[in-house]
Amino acid sequence: MCQVDEDYHEPLQRAEVPSVSKKCVKCKEGTAAVVIRAGDAFCRGCFKEYFIHKFRAVLGKHRVLYPGEKVLLAVSGGPSSCSMLSQVQEGLSQNAHKKLRFLPGIVFIDEGGAVGQSVEDRRRMVAELQAVFKATGFPFHVVPLEQVLDLPSSVVAAAPSPSERAAGAYKVAVGHFIQSDGVGVTLKREESAPADVQESSTHSLQQLIGSAKTLTAREDLLNTLRQHLLVHTARTEGYSKVMLGDNCTRLAVKLLTSISLGRGAQLAQDTGFSDSRYRDIILVRPMRDYSAKEIAYYNRMFCVPSVFIPSLDTKTADKSSIQRLTESFVTRLQADFPSTVSTIYRTSEKLQTCKSSSTADHCDRCLLCMCALDTAVENASAFQATLISEQLSQAKAPAATSAAIPRQNPAPMEPESTAATGQCCSSGGGEDCGKAVGGVGCCSSAKGPESTGLRSLLCYSCQLTIRDMSSVERLPHYILSEAQRRQRRSQMREEISEFLLDEGDEGD
Amino acid sequence: MPVLCSNCIDKRAVLKRPKTGHSLCKECFFWAFEEEVHQTIVAAKLFKHGEKVGIAASGGKDSTVLAHVMKLLNERYNYGLELMLLSVDEGISGYRDDSLETVKRNQQQYELPLKIVSYEELYGWTMDAIVKQVGRKNNCTFCGVFRRQALDRGAIMLKVDKICTGHNADDVAETVLMNVLRGDIARLRRCTAISTASEGEGVVPRCKPLKYAYEKEIVLYAYFKKLDYFSTECIYSPNAYRGHARTFLKDLESVRPSSIMDIVHSGENLSVREGVKMPVQGTCKQCGYISSQALCKSCVLLEGLNRGLPKLGIGKHHRLHDKILSKQPLTEKEERKLKSVDF
Ligand SMILES: [Zn+2]
Ligand SMILES: [Zn+2]
Ligand SMILES: [Zn+2]
Ligand SMILES: [Zn+2]
Ligand SMILES: [Zn+2]
């Protein structure tokens, strides 16, 4: 789990009891029980009100959840997503001030197989969470990550764009909801028992994750797979929105991580309130205005249960991955400069996605993260400079041509590994050879001809991830087959290019 | 077993490129390094034939390599540029004296004209004297603001069309991180630009031919070319926040060497939402230099120094600009707030 969240536990206990019995700044009556920011001391009752109001306010401000709409809450078991779950419960309860009007369901992705948990531990963890989920009365789905291996390629194919839901649509939906008087929208209790996981699929999943040679790539790959599975679950179960529990602290780390991973173009989608990269399924982040500290206070005070879930970077050193490093950097800086998180977070609010995503052709989207490609070779760009450097450092480089601009060759797809890769790295992916030699060792760049075909279908950052993999053949079938389909499409387009009148405009 | 150069597959490799991980021989590395700078210059259309270009020279590794490569490429590819060196003397004893000696040696080696402008002649203050008044905490604010303007003033004296600076990929990446940490969206948007057009009178267009060169490769280049440079850091340490960004970048690079370029790529592809307020650039009412306020930063800092109120230029005291312009005295209360050195 996010280290940043955990680190709040200690100072928390000390801060919880203000020295003198200060009065609440809100009601001026109750005894202060929490101090959110310097000077903002709240009593228990006012803090609860403030916390609940914030959740309603963020949903009210963005107006993306329609009355009667099925919304899937992605609960990881951590404090933030469990707090989100409790807020939804609160908002749906009979005595809620302004009742929420969407229909929630819960999904938990069990990643135990990827992080090497034992079968017993996984079972225990799932049982613990099921108890929490059952208590809510919401339908819930426990999905082992292994299922990602059997996804259909439609997950990464171009999804149908949602019917135009302009500003008026919200009102219409409210109207329908009021007319139906809420009848028939009572929640159907359904539970999907955790499917039995075949040992062989756990093994395949581990091989897939292990084929990434660096922890950075492994974490990135796991994120991608998890998201695909979330979106797929939402689609098959009839949900149109997925709620994620990212809080402000988490998002500050994520923003800096994204920048460090070369995802500047995708930053707004990675960290914004709503994320429409999957078109028909919109991801929303209603917890983004809460700090990890506030959430920890609230959960403790109002007994919101959460479960410790180990992740890939649990118990790893600071420099084991970019994600881990960024997290500890932000945590340390926050301790010295308490406005760090909020400042980074505010930066994210001022960003937008680079190109308008609605007009982009399907083939111009990254095969893995589904964001618009940011790899058009533009003059004097970091991407072009990198290509030039690689070209000038290898044999066959046209040494004399001065202003040649390298073009990305649409090379034929070759998913099979042909080249023998560096020995020390391909050892089952058990250790991280990158960290021993500071990453400059055998793991760094400049090889892997087998992945060149795939690379052209990926955004800048996902190319980095693939470059860190010993071979792409372990990627799940749904990804490879969609890759082949896209390759065929682009070859076709090449063949008929001279007859096409408007480039880039194709109805598919 | 000697490793062969991955480019010529003939000579023995002497280094592993920090940027790509390839093993190269000396000649192939020189060629690749120079060629990459050339391609950057061509692709970004940094110069026009016949232009007069001032190379900002500090005596450090970046500007020494920049001067060397600019002279070399100008001859190799017939850019037709008239090159000269432009140095700023901040007045830091023991640091700038020695580095200026290096610049003077470079001038002779490269046979380029050299112009030195000093803080003392421009502002009446040396950095040493400034530090005596403001302490060591915020001196880099002064240094940075004054240097920027000093370069412009020197460039105008020399009548150059452009200034090129030794900023490398690490510097750009560090600035991207810095601006994210500070939440400075306006600078975040500008800081990855490879060149800036003249933003007004008194401001000379600038460019960064080494924008895509790794600092480590610049050192390797200088080392194998046996270039003469001054390698001591400024004795007045940079501010804490930049220090954090720098350390973080070095750590990122050690985890994934391409991080530097990855961050530059991120910066180049960021896009700011419409409707986010950006400061409007105007000109300073006192000296005419570009400024988003009534007074430019350098005039405010200078005013603070001259009135013995060093805090004036640090933090936001825009309300006081009118008083400064009309040469009015500040109230006692205002003075008290700005006097303390403890900031
Ligand atoms: Zn109260
Ligand atoms: Zn991608
Ligand atoms: Zn060679
Ligand atoms: Zn300095
Ligand atoms: Zn001025």
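Student: Is B:Cys5 buried or exposed?

Tutor: Buried means under 20% relative accessible area, exposed over 50% and partly exposed in between, with a 1.4 Å probe and protein chains only. B:Cys5 has 1% relative accessibility, so this cysteine counts as buried. B:Cys25, with a relative accessible area of 1%, is buried. The model is predicted, so local features need pLDDT of at least 70 and side-chain atom pairs pLDDT 80 or more, while totals for chains, interfaces and linings use all residues. Residues are numbered from 1 along each chain as its sequence is written, chains are lettered from A and ligands numbered from 1 in the order written, and side-chain values use heavy atoms, without hydrogens or water.

Student: Which protein donors does the zinc ion (ligand 3) have?

Tutor: Donors are N, O and S atoms within 2.8 Å of the metal (3.2 Å for Na, K and Ca); water is not among the atoms, so sites may look incomplete. Here the SG atoms of B:Cys5, B:Cys8, B:Cys25 and B:Cys28 lie 2.3 to 2.4 Å from the zinc ion (ligand 3). Along the chain, these donors follow the spacing C-x2-C-x16-C-x2-C. B:Cys5, in the segment before β1 (15-16) of chain B, and B:Cys25, in the loop between β2 (23-24) and α1 (26-43), are 20 residues apart and link distant parts of the chain. Helices (H or I, at least four residues) and strands (E, at least two) are DSSP runs, numbered from the N terminus.

Student: What is the geometry of the site of the zinc ion (ligand 3)?

Tutor: Four donors count as tetrahedral if all angles lie between 85 and 135 degrees. The angles among the four donor atoms are 98 to 119°, and the site is tetrahedral.

Student: How many aromatic pairs are found over all chains?

Tutor: Rings of Phe, Tyr and Trp (its six-membered ring) pair if their centres lie within 6.5 Å; planes under 30 degrees apart count as stacked, over 60 as edge-to-face and the rest as tilted. The whole structure holds 19 such pairs. B:Tyr123 and B:Phe146 are stacked, because their ring centres are 4.3 Å apart and their planes at 20°. B:Tyr123 belongs to helix α4 (residues 119-123) and B:Phe146 to helix α6 (residues 139-158) of chain B, so the pair ties together parts 23 residues apart in sequence. B:Tyr123 is buried at 7% relative accessibility, and B:Phe146 is buried at 0%.

Note on methods. Four donors count as tetrahedral if all angles lie between 85 and 135 degrees; four count as square planar and six as octahedral if opposite donors are over 155 degrees apart and all others between 65 and 115; anything else is irregular.
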